[in-house]
Amino acid sequence: MDRTHYVNQLKNTENGSGWDFIVIGGGATGLGIAVDAVTRGYKTVLLEQADFAKATSSRSTKLVHGGVRYLQQGDVALVREALHERGYLRRNAPHLVKNQRFIIGNYLWWEKPFYTLGLTFYDLLAGRMGLGRSLPMSKKSVISHIPQIERKGLKGGVSYQDGQFDDSRLAINLLQTAVENGATVVNYVGVTGLIKENGKVTGVTVADKMNGDTFELKGKCIVNATGIFVDDIIRMDNPLKKPMVRPSQGVHVVVDGSFLNSDDAIMVPKTSDGRVMFGVPWHGRVILGTTDTPVKKFEMEPKPLDEEVDFILETAGRYLVRKPQRKDVLSVFAGLRPLAAPTKHSEEAKTKEISRSHKLVSSESGLITITGGKWTTYRIMAEETVDLAEKTHGMAHKPCKTRQLKIHGYKTNPDRNDHLYIYGCDRDKIIELEKSNPEYAKKLHPNLEFTVAEVVWAVREEMALTLDDVLARRVRALYLNAKASIEMAPAVASVMAEELNKDKNWEEEQVKEYTAIAQNYFLSS
Ligand SMILES: Cc1cc2nc3c(=O)[nH]c(=O)nc-3n(C[C@H](O)[C@H](O)[C@H](O)COP(=O)(O)OP(=O)(O)OC[C@H]3O[C@@H](n4cnc5c(N)ncnc54)[C@H](O)[C@@H]3O)c2cc1C
């Protein structure tokens with residue numbers, strides 16, 4: 001994974017025959033499209049202005065799911081599609097996607113039959129791709145599965161199965177899959193303009209954020225997969241176009257695993273604002289969330305609002321024996337959903353009611369734009385995008401290969417008690433690294449599981465260039481314990497500096513920049 005080599009490759013093809021696909025954006029959507037296009041045999045490049053999954057794709061609830069909530073809203077087609085995609089993803093990345101049991105505690109008499117029925121329909125929609133049956137549970141059984149569930153008024157429960165994963169790790173694995181199949185994929189290269197000839201988009205101008213170099217790339221299909229930022233690219237094509245996206249913020253808080261003390265997750269089917277809330281075990285901690293707050297700013301580092309955090313803690317507290325407080329929060333993070341901008345008719349619609357299905361359009365100039373959807377549906381979104389690009393640009397159809405494509409790291413039945421399991425088949429190479437140098441086997445912080453070898457691996461094999469790339473998205477230190485991640489930052493910077501041949505000034509700058517980012521991931525008590 002030599003970024004310099006890839007950037008040089010880009011510059012050298014500048015005036016060459018050009019690319020079949022230029023994909024803008026390295027989140028779930030763009031990475032999925034790069035994998036799809038390159039495995040169909042297209043010459044493909046992906047450009048990401050920051051780090052892979054830096055925006056929305058590292059800030060999800062970490063569920064691979066059909067979306068029980070969308071079923072409540074009657075969006076059956078969306079749920080069916082997502083449930084099938086859940087099955088493919090579970091099959092193609094078994095090292096990352098696991099079966100997760102969710103338990104709904106019932107406190108009213110009608111809830112058990114109601115949710116058992118609804119969730120049985122959910123199971124039926126999954127068809128052969130189902131992960132297991134939904135079942136009613138006695139009060140005793142609920143308590144034995146979730147010892148920390150609030151018992152006052154508890155009448156019983158219902159369990160159902162969904163998928164659970166690590167979002168930015170899947171992004172890295174998709175990047176590796178794309179590269180292994182021949183794509184050129186680079187981070188910190190942003191698209192600054194579109195090149196047009198005779199009214200058609202034929203290329204992009206780009207800036208390398210690492211050194212300020214600018215250059216041009218030419219291609220047949222230019223795909224805009226920039227999440228909440230799609231309107232910036234659309235305006236480069238047509239300054240008069242109405243906005244396609246309106247962001248909605250979702251916040252999560254992370255607390256210690258003892259708050260659930262279970263491998264099972266809890267689901268609250270109706271919060272006071274009419275949404276669902278999850279408490280999901282993740283890397284030994286529990287993720288609680290989320291919220292749905294319309295916002296005006298399109299930011300790479302959105303800030304959680306105090307009222308969102310209080311709402312999550314208060315709601316979780318109603319369903320748990322130990323009520324989580326602000327001081328218990330190990331990390332808090334916000335993400336922005338690229339929801340469809342309201343039309344005149346839906347002007348008044350609340351963001352929670354705006355459909356989560358994706359939007360795919362091609363403009364008169366041939367620019368293809370895709371946004372919305374879910375992590376779970378990234379593969380089908382990619383398939384539809386490449387199909388539309390072929391049609392728009394008069395290319396002969398080549399069949400999509402990703403339904404059966406094993407994703408980098410593929411390994412069945414990983415040992416989930418070993419924190420390195422998420423590397424899948426790469427785990428053994430990290431162990432080899434640890435054996436090659438006693439320093440590499442050392443942990444970087446007493447409260448976090450990560451070792452020096454993982455940092456070395458992230459730089460050598462996963463295109464990590466900054467401290468934030470490593471601590472936020474290669475290992476999930478920032479999301480698991482923000483304060484601890486700041487404490488380990490100088491040690492990580494020193495390991496990276498050695499790998500990247502950087503000096504002390506670079507280390508200090510990195511620690512400063514990282515600390516400024518990480519400040520927003522913990523709460524002042
Ligand atoms: C709170 C929350 C919870 C969620 N939970 C789930 C869940 O549990 N399960 C699920 O399936 N889905 C979930 N989702 C949805 C899922 O996270 C998103 O659908 C998905 O991550 C969107 O990916 P994306 O690639 O479209 O956007 P992004 O991840 O935002 O990627 C877009 C990329 O484009 C880049 N970019 C922008 N402009 C340029 C430019 N000019 N040049 C180059 N690059 C550029 C950005 O830097 C960014 O990295 C959740 C979303 C949120 C907000």
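Which residue in β15 does Q249 stand opposite? Q249 stands opposite T293 there, and the strands around this pair are a handy way into the fold. Before going on, two housekeeping points. The model is predicted, so local features need pLDDT of at least 70 and side-chain atom pairs count only at pLDDT 80 or more, while totals for chains, interfaces and linings use all residues. Residues are numbered from 1 along each chain as its sequence is written.

To start with the whole protein, its secondary structure comes to 16 helices and 20 strands (DSSP runs numbered from the N terminus, with helices being H or I of at least four residues and strands E of at least two). The C-alpha trace spans about 70 × 60 × 40 Å along its principal axes. A compact globule of 525 residues would have a radius of gyration near 24 Å, and the protein's 23 Å agrees with that; the radius is taken over C-alpha atoms, and the globule rule is 2.2 Å times the number of residues to the power 0.38. Buried residues make up 50% of the 525. Here, buried stands for 20 or more other C-beta atoms within 10 Å of the residue's own, exposed for 12 or fewer, and partly exposed for anything in between, with C-beta atoms placed from the backbone. Among contacts between residues at least 6 apart in sequence, 70% join residues at least 24 apart (a contact puts two C-beta atoms, placed from the backbone, within 7 Å).

Back to the strands. β11 runs antiparallel to β16, with 10 bridges joining the two; strands pair if DSSP finds at least two bridges between them. In β16, Q249 stands opposite L336. β11 also runs antiparallel to β14 (residues 285-289), through 5 bridges, and there V255 has V286 as its bridge partner. Finally, 2 bridges join β11 to β15 (residues 293-294), again antiparallel.

Zooming out, the protein is divided into domain 1 (3-56 + 169-244 + 344-404), domain 2 (246-338) and domain 3 (419-521), with bounds that come from an automatic or database domain assignment. Domains 2 and 3 have their C-alpha centres 26 Å apart, and 9 residues of domain 2 are in contact with 9 residues of domain 3. On the domain 2 side, strand β16 (residues 331-340) supplies the largest share, 3 residues. That side divides into 4 nonpolar, 2 polar and 3 charged residues (nonpolar: Ala, Val, Leu, Ile, Met, Phe, Trp, Tyr, Cys and Pro; charged: Asp, Glu, Lys and Arg; polar: the others, Gly among them).

Then there is the ligand. It is surrounded by 39 residues, the closest being G25, G27, A55, G227 and G250; to be near it, a residue needs its C-beta atom, placed from the backbone, within 6 Å. Two or more shell residues come from each of α2 (28-39), β8 (189-197) and β16, and β16 gives the most, with 4. By class, the shell has 14 nonpolar, 19 polar and 6 charged residues. Domain 1 and domain 2 both give residues to this shell, so the ligand lies between them.

R403 is partly exposed because 14 other C-beta atoms lie within 10 Å. From V332, R403 is 71 residues away in sequence and 34 Å away in space, C-alpha to C-alpha.
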